[in-house]
Amino acid sequence: MASLKEQISTFTDKCEELKSCKFIMATTKIKDLLKCIVNCPDLYRLFEEVTKDFDYPTVKAQCIISPASGVFADKRVALPQTVGQRLAFIFCLLVEFDRNNINFNDFLRAYFPEDGSYFASYQAFCNVIIKGLQDCVIQVYREELQAVEAEENAPAAQTAELLSALGITLAQEVQFLTDSAVPQEDKDNGLKILNALVKAVERGDETLIDGLLCGYNYFVLKFGCVSDGIAELLGLIEAYERLL
């Protein structure tokens, strides 16, 4: 089953397709959007919940406004105030278009007249109805999506933090060896190991890291040049390798 993030991404893509398609494709894209909702379990449950006790005829009479109501001088659509009712109203309205209970072309001419062209009317419709639906769904799932994103980013943040600490510790180890009393030729060999270790860590080459660590451990024991930071270095590399 698709994750919530994948479902919302699919839903958003369908909304964007509907908003950007040519007017003559609108009813087809509305059908696609409704199919997307049905095929996404989390979205299906959401719309099932908001429409369960929803009095669509009453809300429709309040939201699809004609001059006879005395509220406005022209026909217009006013979305409900609450997110739940807004979701339910837009969903039911789209279903009516899909079933042709309401003629989509006539609806645009009547409630989104704009400059008289279908193109402008359709864009106005999308800005109110489709964007309204999209914004409400994102609002409902915002906290869950943020939690998912934070969870997905956590390993990357942890890896970046470890790499930063490793860089500092390796630099300190290089400085320690440079200042040590180890003979210069041997010291140069030890520094080569450390410099290669830095590059292996940057590449995330676990096999090479392990081999270089074994070599450096042997070097440290042979020349008795144990720094105060060697234990921290080994611990950081071990933690880093667990993330690879």
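Trainee: Is F125 buried or exposed?

Mentor: Buried means under 20% relative accessible area, exposed over 50%, and partly exposed in between, with a 1.4 Å probe and protein chains only. F125 has a relative accessible area of 0%, so F125 is buried. This is a predicted model, in which local features need pLDDT of at least 70 and side-chain atom pairs count only at pLDDT 80 or more, while totals for chains, interfaces and linings use all residues. Residues are numbered from 1 along each chain as its sequence is written, and side-chain values use heavy atoms, with hydrogens and water left out.

Trainee: Which residues is F125 in contact with, leaving aside its neighbours within four places in sequence?

Mentor: Contact means heavy atoms within 4.5 Å. On that basis F125 touches L94, F97, F104, F107, L108, F112 and I130.

Trainee: How are the rings of F104 and F125 arranged?

Mentor: Rings of Phe, Tyr and Trp (its six-membered ring) pair if their centres lie within 6.5 Å; planes under 30 degrees apart count as stacked, over 60 as edge-to-face and the rest as tilted. The whole structure has 18 aromatic pairs. For F104 and F125 the centres are 5.1 Å apart and the planes stand at 85 degrees, so the pair is edge-to-face. The pair links distant parts of the chain, with F104 in helix α6 (residues 104–111) and F125 in helix α7 (residues 118–179), 21 residues apart. Helices here are DSSP runs of H or I with at least four residues, numbered from the N terminus. F104 has 4% relative accessibility and therefore counts as buried.

Trainee: Which residues form one aromatic cluster?

Mentor: The cluster consists of F23, F97, F104, F107, Y111, F112, Y118, Y122 and F125.

Trainee: What is the geometry of the aromatic pair of F219 and F223?

Mentor: That pair is tilted, at 4.9 Å centre to centre and 50 degrees between the planes. Both residues lie in helix α9 (residues 206–223), 4 residues apart, about one turn of the helix. F219 counts as buried because its relative accessibility is 5%, whereas F223, at 26%, counts as partly exposed.

Trainee: How many residues does the largest nonpolar core have?

Mentor: In soluble globular proteins, nonpolar side chains tend to be buried together. A nonpolar core is a set of buried Ala, Val, Leu, Ile, Met, Phe, Trp, Tyr and Cys residues joined through side-chain atoms within 4.5 Å. The largest one here has 52 residues, and F89, L94, F107, Y122 and F125 have the most contacts inside it. Two or more residues each come from α1, α2 (26–39), α3, α4 (56–63), α5, α6 and α7. Helix α7 gives the largest share, 11 residues. A second, separate core of 24 residues includes L166, V182, L194 and L197.

Trainee: At what angle do the axes of α1 and α2 cross?

Mentor: Axes are lines fitted to C-alpha atoms, for helices over the stretch in contact, and angles run from 0 to 180 degrees between N-to-C directions. Angles under 35 degrees count as roughly parallel, over 145 as roughly antiparallel, 65 to 115 as roughly perpendicular and the rest as oblique. The axes of α1 and α2 come within 9 Å and cross at roughly 170 degrees. The two helices are therefore roughly antiparallel.

Trainee: Where do α3 and α5 meet?

Mentor: L46, F47, V50 and T51 of α3 meet G84, L87, A88, F91 and C92 of α5. Their axes cross at roughly 100 degrees, so α3 and α5 are roughly perpendicular.
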